Amino acid sequence: MAKLNSCFQRLFVFFNLLFAIVGGVIIGLGLLGQFAYNDSTSEFENQSKGFLVMYLVGGITMAMSLLGAYGAHREKRIPLIVFLVACFIGCFGLLRLAVPTAMYRSEMMQIVEAKFREGLPLNEASPDVRQFTERIQLNLKCCGLFSYTDWGNNVPDSCLCQGEDDQMEGTCLNIPYRLLFLSEYRMTGHQKLIYKQTCFPILEGYLAKALDILLGVSFGFAALALLGAVMSAVLLAQLRSSTVGVPVVFSVSSHPSKFSFSSHPPKYTELYNEPEKTEK
């Protein structure tokens, strides 16, 4: 069996075991997210595709990491070669995702804003869109996507300031009473208090942070995948250089039709010339 640098070999195994743990964490986060999503709502079925991607990424990461650790521990070339190819493919795929996202980030934000504007006015939108928007308004304490007038003349009760603290902080806005959809809430003369902040700027900020996290994770994993490929290439080079080949000797006999191969080193004999005999 070929001998590798023990320190480098252990470092490579530790590197892959750490990556396997990361893959398991990704799968665990996907499971937790799916359970939480199923418990809270079931309106948007397309969300399940995101969890499927997390399972796929986590499973592939764990499998390739364990394969690389096995190849380094047992000093096997084929697992290391497969790991090397997988690292190069993963690095290329992550860069293919991250680089265009970073280059066209502003255009993506404009597309998202245009998609939200297509749902206006909110009072004429589908029930799913209205419920989704009202849930955002309750959680983020905002009203409307771009303005409270997105609701037309039917501003819902989710826009109303719910506590005295909100009023003290100056986060509320007075609007005419006739614009409110319900009539059982707090009035100030002929006006009512709604949240001044609109929802889309808050969502845009969250989306920008999500893109930053995505880009950071993508570039980070691409760098680690490239590092794994380099380390596996070094191990393969050590395996190749530490394998000593046995010399093969090709000899030709005196007979012109006979050739022979031998794996043993040639035997050397001392050659000398006999002294010539002189005539007496």
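Is Phe-200 buried or exposed? Phe-200 is buried, because its relative accessible area is 5%. Buried means under 20% relative accessible area, exposed means over 50%, and partly exposed is in between, with a 1.4 Å probe and protein chains only.

A word on the source. This is a predicted model, where local features need pLDDT of at least 70, side-chain atom pairs count only at pLDDT 80 or more, and totals for chains, interfaces and linings use all residues. Residues are numbered from 1 along each chain as its sequence is written, and side-chain values use heavy atoms, leaving out hydrogens and water.

Now the rings. Searching the whole structure gives five aromatic pairs. Rings of Phe, Tyr and Trp (its six-membered ring) pair if their centres lie within 6.5 Å; planes under 30 degrees apart are stacked, over 60 edge-to-face, the rest tilted.

Take Phe-12 and Phe-83. Their centres are 5.5 Å apart and their planes at 85 degrees, so this pair is edge-to-face. Phe-12 is in helix H1 (residues 6–40), Phe-83 in helix H3 (residues 77–103), 71 residues apart. Helices are DSSP runs (H or I, at least four residues), numbered from the N terminus. Both Phe-12 and Phe-83 are buried.

Next, Phe-116 and Phe-200. Here the centres are 5.4 Å apart and the planes at 65 degrees, so the pair is edge-to-face. Phe-116 lies in helix H4 (residues 105–118), Phe-200 in helix H7 (residues 199–242), so the pair ties together parts 84 residues apart in sequence. Phe-116 counts as partly exposed, because its relative accessibility is 25%.

There is a cluster too: ring pairs link Phe-15, Phe-19 and Phe-221.

How values were computed
Helix = DSSP H or I, 4+ residues; strand = E, 2+ residues; numbered from the N terminus.
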